[in-house]
Amino acid sequence: MKVAVIPNLDKYGSAEVVDKLGVMLKNEGIQAFLPENIAGENFEHLPEDLLYKTADIIITIGGDGTIIRYAKRAAMDNKPVLGINAGRVGYLANIEQNELSLISKLKTDGYFVEKRMMLSVRVCENGRTVGEYNALNDAVITSGFISRIIDISVFLGKDSISYRADGLIISTPTGSTAYSMSAGGPIIDPLAECMCITPICSHSLSAKPILLGADNTIKLKAYSRKRTDIYLTVDGRKVCAVKPFTDIYIRKSRQFVKLIRLNDRSFYKTLSNKFKDGRSM
């Protein structure tokens, strides 16, 4: 078995986890790799792109943002990802830094893999495709200024819905516990296949989140009556400006992310732990 470890060394404790993993993987007889720009004993080194093609499993160390970045890249080579939490919330990470002993399950196949839906986001200007992206969490249209309302049209086949709001979130079930939840959207089982439309600070009291089946294609258009700048953000990264002639098409991606689970802690138990609300699940 070959394992690639890709850490975010800006996160507290990540360097120590790398050192511990190097020893543990060597003791298990697992060949381990690091990116060539990161030093570490008990590892071989490769350029980052080659890590995904060489390794059977990708281990990331960091917060949800780190896991999203590397999991989307791993999906291109159909490789599963194990997340070790070094962030604050860590919904996507399966194990904490004090659970590294579970790594031994990798060699004995004592784990299972969850498939997470992604969104395909295509940006067109005057009918020409100018950008294509995959989103594990969400695609978001927002104003470039705080509290500047924009007009957003959502087209579903022959039907349309209009919003006046600070922005609009189209999220996956995985992304339902991220920005969408903060904006009042529902929490969705991450293994479900659907899309959620959540308005951000809508100017209408009747504007509520809408759940759509995964077989839908959503077309978005947005403009500002006050000529406010509008942007499209994919998984927290600003990817383009949105103009009146910009069309954004969102549908279920053909690719999906594979997340490794080493323990039997359910999504709902994780929610309870993260919320720290004292409920037993």
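Visitor: Let's start with M76: does it count as buried or exposed?

Guide: M76 counts as exposed, because its relative accessibility is 54%, where exposed means over 50% relative accessible area, buried means under 20%, and partly exposed is in between, using a 1.4 Å probe and protein chains only. Before we go on, please keep in mind that this is a predicted model, in which local features need pLDDT of at least 70 and side-chain atom pairs count only at pLDDT 80 or more, while totals for chains, interfaces and linings use all residues. Residues are numbered from 1 along each chain as its sequence is written, and side-chain values use heavy atoms, with hydrogens and water left out.

Visitor: Where does M76 lie?

Guide: M76 is in the loop between α3 and β5 (81–85); these labels come from DSSP runs numbered from the N terminus, helices being H or I runs of at least four residues and strands being E runs of at least two. Between the C-alpha atoms of M76 and R122, which are 46 residues apart in sequence, there are 17 Å.

Visitor: And α3, how many residues does it have?

Guide: Helix α3 has twelve residues, 64–75, and from its first C-alpha to its last it reaches 16 Å, close to the 16 Å expected at 1.5 Å a residue, the expected span being 1.5 Å times one less than the number of residues.

Visitor: Is that helix mostly covered or mostly open?

Guide: Mostly covered, since ten of the twelve residues of α3 are buried. Among them are D64, I67, I68, Y70 and R73.

Visitor: Switching topic: how much space lies in the largest pocket?

Guide: The largest pocket holds about 540 Å³. A pocket here is found on a 1 Å grid over the protein atoms alone, as an open set of points where a 1.4 Å probe fits, with protein on both sides within 12 Å along at least five of seven lines, and lining residues have an atom within 4 Å of a point. Points are joined across faces, edges and corners, and the volume is the space filled by probe spheres set on them.

Visitor: Which residues lie nearest its centre?

Guide: Of the 29 residues that line the largest pocket, D64, G65, I68, N137 and D235 lie nearest its centre. Helix α3 gives the most to this lining, with seven residues, and at least two residues each come from α2 (48–54), α3, β7 (128–135) and β16 (237–241).

Visitor: What's the lining like by class?

Guide: The lining of the largest pocket has 13 nonpolar, seven polar and nine charged residues, where Ala, Val, Leu, Ile, Met, Phe, Trp, Tyr, Cys and Pro count as nonpolar, Asp, Glu, Lys and Arg as charged, and the others, Gly among them, as polar.

Visitor: You named D235, so where is its place?

Guide: D235 is in the loop between β15 and β16, and it counts as buried because its relative accessible area is 19%. Its phi is near 50°, a positive value in a residue other than glycine. Most residues other than glycine have a negative phi.

Visitor: What about N126, buried or exposed?

Guide: N126 is exposed, with a relative accessible area of 64%, and its place is in the loop between β6 (112–125) and β7. N126 has a positive phi of about 55° although it is not a glycine.

Visitor: Which ring does the charged end of K238 sit over?

Guide: The charged end of K238 sits over the ring of Y231, 4.0 Å from its centre, and that of K219 sits over the ring of F155, 5.3 Å from its centre. The rule asks for NZ of Lys or CZ of Arg within 6 Å of the ring centre and within 35 degrees of the ring normal.

Visitor: Last one: where is I170?

Guide: I170 is in strand β11 (residues 167–171), and at 0% relative accessibility it counts as buried.
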